[in-house]
Amino acid sequence: MTTPNRGVGKFTAQNLVAVLRATPESNGTDADVARVAEDYDDGVRSHNIAN
């Protein structure tokens, strides 16, 4: 099953799923969440998470 590539602003559903999956594996900072989330989705960037 693929995640739909629909988004709000700069986020897509795939980005949000990657962030949610990465959060428990990170140290909680924007940059670290983005770093871990990139393993799940290459489109996640820390400045988008911070916004």
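I started with aspartate 32, which lies in helix H2, residues 30–37; helices here are DSSP runs of H or I with at least four residues, numbered from the N terminus. The model is predicted, so I kept to the rule that local features need pLDDT of at least 70 and side-chain atom pairs pLDDT 80 or more, while totals for chains, interfaces and linings use all residues. Residues are numbered from 1 along each chain as its sequence is written, and side-chain values use heavy atoms, without hydrogens and water.

Is aspartate 32 buried or exposed? I found 12% relative accessibility, so aspartate 32 counts as buried (under 20% relative accessible area, 1.4 Å probe, protein chains only).

I then checked its partners. A polar atom of the aspartate 32 side chain lies 2.7 Å from the backbone nitrogen of asparagine 27. Neighbours within four places in sequence aside, aspartate 32 is in contact (heavy atoms within 4.5 Å) with Ser26 and Asn27.

Next I looked at the helix pair. The axes of H1 (residues 13–22) and H2 come within 8 Å and cross at roughly 110 degrees; I took axes as lines fitted to C-alpha atoms over the stretch in contact, with angles from 0 to 180 degrees between N-to-C directions. That makes H1 roughly perpendicular to H2 (65 to 115 degrees). Ala18, Val19 and Ala22 in H1 meet Val33, Val36 and Ala37 in H2.

Last, I noted for alanine 34 contacts with Val44, Arg45, Ser46 and Ile49, again leaving aside neighbours within four places in sequence.

Technical notes:
Helices (H or I, at least four residues) and strands (E, at least two) are DSSP runs, numbered from the N terminus. Buried means under 20% relative accessible area, exposed over 50%, partly exposed in between (1.4 Å probe, protein chains only). A polar contact is a pair of N or O atoms within 3.5 Å; within protein, one must be able to donate a hydrogen and the other to accept it, and residues adjacent in sequence count only if both atoms are side-chain atoms. Angles under 35 degrees count as roughly parallel, over 145 as roughly antiparallel, 65 to 115 as roughly perpendicular and the rest as oblique.
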